[in-house]
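Dear colleague,

Please find below the structure that I am handing over to you. My findings follow it, with the cut-offs behind each term.

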Amino acid sequence: MASLWQDTARLRVFSPFSGDTKTDVLIIGGGITGILCAHMLQNAGVDCMLVEAKRICSGITANTTAKITSQHGLFCRKLVNRFGREKTQMYLDANDAALEKYAQLCQSIDCDFERQDNFVYSLNDPNVLEKELDALSSIGHSGTYQKQLPLPFETAGAVKFEHQAQFHPLKFLSALSSGLGIYENTGVRELVGMTAVTDYGRIKADKIIVATHFPFLNKHGAYFLKLYQQRSYVLALENAEHVDGMYVDGSGNGMSFRNHGSRLLLGGGGHRTGKKGSGWDMLEEFAREVYPQSKEVYRWAAQDCMSLDDVPYIGQYSKSTPGLYVAAGYNKWGMTSSMAAAMILADMVQGKETPYADVFSPSRSILRTQLFVNGGESAVNLLTPSKKRCPHLGCALKWNPHEHSWDCPCHGSRFTETGKLIDNPATGDME
């Protein structure tokens, strides 16, 4: 199922790589993070190239709701409790800088960029909103309380961030990718030291950035324990009420709303990949009841990498891998997180100081409750009898009746009914 973005943009086509070559910086992964990294490095005069296993933007980037906001749910109180005020301020500053970088780039790109206020609402708990506002105030940020919302149900109000943004991600990336050293249909099968081995040649690099959504190297960084993946679903509706802004449920379990032109993008139904979920059923039922005159024109699903502590992993892949970098675990906030990652990594590979590196460090503590949840999920599924096994680390696959795919509850790899790879971290088809 093509998303609205895929159906209304034409992406550039790039040739596969063949032969052997050398580059200063190799970027693996042609989604939004990889393309932003390539753009920034090339503009800085750095010799770099990007390889993508399929087509650029054919994975998670094509399935976003494309909200550009530094307000990542009711995040501030949680991060202050976990990391303290200074690091929380760094996190917010990095995402504010990412938002403004989008605004700068989009001045010269026709990509439906528009400023919108963002609202994180609570259905029935005004106290959680008050605590979030107090946490924001403690780090000097001016979030505001909004009592009345133009949503088709009652809420306790929302925390509002003004002057955020939304856009058409594939129109943006089609323009940004022009002139970059990109090679499509060039999967990296393994890294031998700082040499990437592809089906048709080898690429030696001084520095490598892994921007593959879920890091594919298992022997470094323990990302198979630090990350898990979630599915979520989107309907694009015509003849539905305009909501004038961007809205998301602060509990993480409700619905999101934004408009693109005359269409309402209604999101929700999230669940851990490989677990049972409602798919589009809940959204369809809501649309029938609340917008009875509406018409569904698009539907799609997204997959998001979730970190242990709600902060992405951006920086050196592991302490033992100098020259190898990663960006992963955007926790459903991929637009600003990808720009923040590109800004941080572009500085790091050039040897420049970046003020945000510490809070995003992939080598920070992993002693979080979610670590034990992830470990337990892996143990259960490794021991579950099943003929359908994930080639990544051998977990039992589960049938997804909504999307007709075989999904891995451990790490989120997905396969077609016939076993063809859809989503990583697996790098090959199901046997």
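**Packing of two helices**

Helix α2 (residues 32–43) packs against helix α9 (residues 334–349) at an angle of about 40 degrees, and their axes lie 8 Å apart. Here axes are lines fitted to C-alpha atoms, for helices over the stretch in contact, and angles run from 0 to 180 degrees between N-to-C directions. Helices (H or I, at least four residues) and strands (E, at least two) are DSSP runs, numbered from the N terminus. The two helices, α2 and α9, are therefore oblique to each other; angles under 35 degrees count as roughly parallel, over 145 as roughly antiparallel, 65 to 115 as roughly perpendicular and the rest as oblique.

On the α2 side, the residues that meet α9 are Ile32, Thr33, Leu36, Cys37, Met40 and Leu41. Their partners in α9 are Met335, Ser338, Met339, Ala341, Ala342, Met343, Leu345, Ala346 and Val349, where contact means heavy atoms within 4.5 Å. The residues of this contact between α2 and α9 comprise 13 nonpolar, 2 polar and no charged. In that division, Ala, Val, Leu, Ile, Met, Phe, Trp, Tyr, Cys and Pro count as nonpolar, Asp, Glu, Lys and Arg as charged, and the others, Gly among them, as polar.

**Basis of the model**

The model is predicted, so local features need pLDDT of at least 70 and side-chain atom pairs count only at pLDDT 80 or more, whereas totals for chains, interfaces and linings use all residues. Residues are numbered from 1 along each chain as its sequence is written, and side-chain values use heavy atoms, with hydrogens and water left out.

**The protein as a whole**

The protein has 11 helices and 21 strands. Its C-alpha atoms fill a box of roughly 60 × 50 × 45 Å, taken along the principal axes. Of the 431 residues, 56% count as buried (under 20% relative accessible area; exposed is over 50% and partly exposed in between, with a 1.4 Å probe and protein chains only). Among contacts with a separation of 6 or more, 73% come from residues 24 or more positions apart.

**Two residues with positive phi**

Most residues other than glycine have a negative phi. Aspartate 244 has a positive phi, near 55 degrees. This aspartate 244 lies in the loop between β11 (228–238) and β12 (246–249) and, at 54% relative accessibility, counts as exposed. Asparagine 331 also is not a glycine and has a positive phi of about 55 degrees. Asparagine 331 sits in the loop between β17 (324–328) and α9, and is buried, with a relative accessible area of 8%.

Yours sincerely
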